[in-house]
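Q: I've got a new model open and I'd like to learn how to read it. Can we go through it feature by feature?

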Amino acid sequence: MIRDLVIVGSGPAGYTAAIYASRAQLNPVQYEGSVTAGGALMTTTEVENFPGFVDGVMGPVLMEDMRKQAARFGTELITDDVVEIDLKGEIKTVKDGSGNVVQARAVILAMGSAYKKIGLANEDRLSGRGVSWCATCDGFFFRDQVIAVVGGGDSAVEEATFLTKFASKVVLIHRRDSLRASKIMADRALNHPKIEMLWNTEVVDILGAEKVSGLALKNTVTGELSERDFTGLFVAIGHIPRSELIIGQIDLDNEGYVKVEARSTRTNLPGVFACGDLVDHTYRQAITAAGSGCQAALDAEKFLSH
Amino acid sequence: MATSKVTAANFDEVVLKSSTPVLVDFWAEWCGPCRAIGPILEDISNEYGDKLTIVKLNTDEESAIAIKYGVTSIPMLNVYVNGEVVKTIIGAKPKPALLKELEAFI
């Protein structure tokens, strides 16, 4: 059976696309991902800036509700990973981890982004042994300890602030001399009695045999090297787009984000639309992702009606 | 066979003294990736429960055991054979990847 639409990905972009597409009777099938279902918001805590939630909403609850809303209008949700995507030709093919194949006339790509690693040899070896990318998952295990967060954007500041609930001290390590994070969040961190800022500093090595015992640091201005004891390192230095399955098939920019025609979600391939963090290195918000997911569904609907 | 809950009270008996391999899923309610692999472990338990017993340990309720086994990141899956940890899997993984890691026990 050839379907109208398959949606790959399930953050705010993917679910919003599914809500619109299923309401428009396109009978979409949506691949949510097996362990990534719900996307980046699944590892956040309180979302304070999603319009309509006066008192804030927990990220995972927001995603669970978007999922239910997509299901309500008939989206066929599949909690599995896509392992192959073929965008050539008029009929697009998507293959999942269980070996099932879905064919559709249109595809919405909403695979989002993944955590960026620092790129140190010891980072993978000590992952889960003190090195973490998820403060909400792992912060609890660092009660009364001194831990480091590396990064300077919203997610680094959010993680550092969250970790103060558990840690005796959180050291926020940033390679520049000011934070990129939004002012309200940056101020919260800068004024927090448990957060110490380490400006102009880069992590050059992670120390520890069985688990993290400290970090080797380099001052980015003076070049001076130092070591400091930490039991945990939380990495929040940004994201990379999850475009690995479509490299070579579709136009990507230098950083691997899918290119779309301005003011639309149309890619260079007819019938292929992209939205959310997969295309956006500028805004990267739940609300902008949801907005672009809506656009993608409307663009796909228009394409399919011709 | 469905997964079951393990606590400090029955950890010795259910996990350490088991004659067959036991996988302990260290998890917590507030951990998104833990909730994501919950149904996958349930599936694996239903399919391979005769060879590998899968139990769940809530790290909020049973922090002493979590600390004893050096948990710093969840989800963490430990496989115990004759009371010893013989395999540790850290982080949420898709079902095919988990099955591959657990090949020796199923």
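Q: Which strand pairs with strand 1 of chain A over six bridges, and in the parallel or antiparallel sense?
A: Keep in mind that this is a predicted model. Strand 8 (residues 101-109) of chain A is the partner, and the pairing is parallel.

Q: Where does strand 2 of chain A come in?
A: Strand 2 (residues 29-31) of chain A also pairs with strand 1 in the parallel sense, over three bridges. Here Ile7(A) faces Gln30(A).

Q: Why is strand 1 of chain A described as largely enclosed?
A: In general, side chains in a regular strand alternate between the two faces of the sheet. In strand 1 (residues 2-8) of chain A, five of the seven residues are buried, so the rest of the structure largely encloses this strand.

Q: How much area do chain B and chain A bury between them?
A: Interface size is often quoted as the accessible area lost when the parts come together. For chains B and A that's about 1,400 Å², with 66% of it on carbon and sulfur atoms. Trp30(B), Thr72(B) and Ile90(B) supply 36% of the area that chain B buries against chain A, more than any other three residues.

Q: How many salt bridges and polar contacts cross the interface of chain B and chain A?
A: The rule finds zero salt bridges there, but four residue pairs in polar contact, both residues at pLDDT 80 or more. On the side of chain B that touches chain A, helix 2 of chain B gives the most, with five residues.

Definitions and conventions: Residues numbered from 1 in each chain as written. Chains lettered and ligands numbered in written order. Predicted model: local features only at pLDDT ≥ 70, side-chain atom pairs only at ≥ 80, totals over all residues. Heavy atoms only, no water. Buried < 20%, exposed > 50% of the residue type's maximum accessible area, 1.4 Å probe, protein only. Helix = DSSP H or I, 4+ residues; strand = E, 2+ residues; numbered from the N terminus. Pairing = 2+ DSSP bridges. Buried area = accessible area lost by both parts, 1.4 Å probe. Salt bridge = Lys/Arg side-chain N within 4 Å of Asp/Glu carboxyl O. Polar contact = N/O pair within 3.5 Å; in protein donor to acceptor, adjacent residues only side chain to side chain.
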